[in-house]
Amino acid sequence: MSGRTSFDYIIVGGGSAGCVVAGRLAAAGVGTVLLLESGDPAEQNPETLTADGYKYAFANDRVMWDRFTEPQSHCGRRRLYAGTGRGTGGSGGVNAMVYTRGDRRDYAEWPTGWQWDDVVDDFEQLEAELDVHRRQPTRFTDACVQGATTTGFTEKEDLNDGDLCGFIGYEWMNYRDNERRNSYVAFVKDRDLPCLTIETNARTHRLLVQDGEVAGVEYVQRGTRQIVTANREVIVCAGALETPKILMLSGIGPQQHLEQVGVPVVSDQPEVGNNLHDHPNVALFFHGKNKADAKWPQLYAFHRANGDSNLPDGQADTCYVFWSAPASFYQAAERMLPPMMMPKGLYLKFPLFRHLIRRAIRFVLKLPPVRWFIDRMYGIVVILGKPKSRGRVRLRSADPTEPAAVDPAYYADPEDMDTMVAGFELARKVAGSVAMQDWGNRCLAPSAQWPVDKKIRKWIVGATMTTFHFAGTCRMGEDDQAPVDTRLNFRGLQGLRIADASVVPTVPVSAMNAPSMLIGFRAASYILEDYERGEFVQTEDRTAVS
């Protein structure tokens, strides 16, 4: 702890959105800023700062929150892995740096002031800091483009122009040479910010509320309980899974639920934790005749697979990632296989067993015949881009150290499964094109050879995993039921804003990193506007918080 116990602004969560908020406020010189991050400084895990380190970061336990979903009723009662990034940079320090804004039709579903034309200028300012650009094509990606363009897709140079449906192209990525240009690097690390204090390994337990106003934060750092007060605002940027947990531990959430778990109710907010949704995906794997030479998941496509959906005309409902296994299969196997092979309790409570399984996985993957096989393996990942299903986040108890109950309710709406089946068929059609036959397209997913719809659905149930795009649990809206208003103020409490993927009312068809940074960027703009107008409550040196 720095020794200071009072700041003008406290930001909870040093991830993709939180670093943008902290960096912009501190650079503007509008007061003292504290950034609380539950994980390590990024510098202690240098793979989170390099472009080619993303795959190693994903396999590093120190930069991932390990958690599992509740048993998924429509996924064979499976508990799916639902980890997210931690440390300065958050999930933006472990992802593959794909930077995609989404489709203009996505933002038509967002509130007034957040439409496509409203946010393009903010995106452009954000991108100027992140230095986004595209990777060069490879022989493998060229073959994929040829296959897709003969089966209904059109190649497009810019996938950030707001029109995605029916197009394939190379995604923008936030990197410079071999430096990852995430929000931590661009808005915090590379700037001189004397007004900013960063406390890492500082896990927020609850917000402190006094007379209808969020007055401060209680957190634990290296086993010691700390209290810090906010003179103006607390901005929670902990992500769509942790933000509602922090709110509910603070007594801000559905009254009946809070009473059931023994948390004193401060503010009855029935919608906190609801509206959870995510992009589930399945991967069709193939073996080629040549080494898959792409080092990045850089080639994406979008389409409307389900013609029976009531989505707006021109809205893509599925995303397709053309993935070269040598790029990150080895590290992905280290991350994803142990939770699939071990019971949840054993995985979380006995890291030694997890470590031993990973060593065994590494040994097998180093065998020359295995490496030869994987080097020629590739996948077409089918992502459900516009899920209709909605789940929720709830507390298990009043203990801040106990993981929340996370239920994304995959395929609870039958249309989602219909769309995935249609997307599966479209991916199979691309894989069967002449270009992919020439490259080599022996399918490694047995169901791809099955013509029976029922068998395909059964395979999807068993193969589904998260794309780590959780959203919606503190949605913003113009209606009174929305926990957050369109300037990201939390309704019913003063001095509190929410600025992360939890405020997204409906997830874009694309990845969530760019929209999350957009939300952080706009949150800082709103705060700075309020400061210029003097529209904030200044309560300096508040000490009566416990």
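The model is predicted, so local features need pLDDT of at least 70 and side-chain atom pairs count only at pLDDT 80 or more, while totals for chains, interfaces and linings use all residues. Residues are numbered from 1 along each chain as its sequence is written, and side-chain values use heavy atoms, leaving out hydrogens and water.

**View 1. Helix H11 and its cover.** Helices (H or I, at least four residues) and strands (E, at least two) are DSSP runs, numbered from the N terminus. H11 covers residues 351-366. Its buried residues are Arg354, Arg358, Ile361 and Leu365; buried means under 20% relative accessible area, exposed over 50%, partly exposed in between (1.4 Å probe, protein chains only). Seen down the axis of H11, these fall within an arc of 60°, so they line one face of the helix. The arc is taken from the directions from the helix axis to the C-beta atoms. Leu352, Arg359, Phe363 and Lys366 are exposed on the face turned away from the buried side.

View 2. Strand E12 (residues 202-210) and strand E13 (residues 213-221) run antiparallel and are joined by eight bridges. Two strands pair if DSSP finds at least two bridges between them. Gln210 has Glu213 as its bridge partner in E13. Two residues lie between the strands, and Asp211 in the turn has a positive phi of about 55°.

**View 3. Val234 in the largest nonpolar core.** A nonpolar core is a set of buried Ala, Val, Leu, Ile, Met, Phe, Trp, Tyr and Cys residues joined through side-chain atoms within 4.5 Å. The largest has 131 residues, and Val234 is among those that touch the most other members, with Leu25, Leu207, Leu488 and Leu496. Helix H16 (residues 513-533) gives the most to this core, nine residues. Beyond its neighbours within four places in sequence, Val234 is in contact (heavy atoms within 4.5 Å) with residues including Ile10, Val12, Leu207 and Arg497.

View 4. The side chains of Glu425 and Arg428 meet in a salt bridge, 2.6 Å from N to O. Being three residues apart in H13 (residues 414-431), they are separated by about one helical turn. Glu425 is partly exposed, at 32% relative accessible area.

Definitions and conventions
Expected span 1.5 Å × (residues − 1). Salt bridge = Lys/Arg side-chain N within 4 Å of Asp/Glu carboxyl O.
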